[in-house]
Amino acid sequence: MTPAGTPAAQLAGFIAKFDPEIGRRIRSARTALRKRFPTAFELVYDNYNFFVIGFSATERPSDCIVSLAANARGVGLSFYYGATLPDPHGVLQGKGTQNRFIRLPDAGTLCTPEVEALLRAAVAQARSPLPSSGTGRLIIRSVSPKQRPRRLPTR
């Protein structure tokens, strides 16, 4: 079930749940990824553990190339098929059979040569190519009624 309002308004509400610094990181990383993937579909999930914005070649989650994933502790960039990406600099984290990720202390991390190379490789190995023209669409895929806190407890 998704809350009422436009997808953009819903997205703003999801991000507003976070501490201001995490919210800024989410917004700046999303802006950078929108510029990099202007034709991608943005698939949004406000799940129990994480808030996720997937950048996908189609409306299907399985065609996702990368995702921003945030919780109260920070923001990461997840590579949906990261286990098969070349990573000569060893920046990818995780040991799963499919997914790998990097932490994003700021959006500038997306511009480092190592991450740029991973983004290019992820696009090259995508099962479905990104649309060659047009603009992507923001789609709210799911909202969990129960969620972990999006802000760290104050001390």
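User: Which backbone atom lies 3.0 Å from a polar atom of the side chain of threonine 58?

Analyst: This is a predicted model, in which local features need pLDDT of at least 70, side-chain atom pairs count only at pLDDT 80 or more, and totals for chains, interfaces and linings use all residues. Residues are numbered from 1 along each chain as its sequence is written, and side-chain values use heavy atoms, without hydrogens and water. Threonine 58 is placed in the loop between E2 and E3. At 3.0 Å from a polar atom of its side chain is the backbone nitrogen of arginine 60.

User: Which residues does threonine 58 touch, not counting residues up to four places away in sequence?

Analyst: Contact means heavy atoms within 4.5 Å. With residues up to four places away in sequence left out, threonine 58 touches Phe41, Leu43, Asp63 and Ser128.

User: Which class has 13 residues in the lining of the largest pocket?

Analyst: The largest pocket is lined by 23 residues, with Phe50 and Phe101 among those nearest its centre. Its lining holds 7 polar and 3 charged residues. The class with 13 residues is nonpolar.

Key: 1 Å grid on protein atoms, 1.4 Å probe; cavity = no way out; pocket = protein on both sides within 12 Å on 5 of 7 lines; lining within 4 Å. Nonpolar A, V, L, I, M, F, W, Y, C, P; charged D, E, K, R; others polar. Helix = DSSP H or I, 4+ residues; strand = E, 2+ residues; numbered from the N terminus. Polar contact = N/O pair within 3.5 Å; in protein donor to acceptor, adjacent residues only side chain to side chain.
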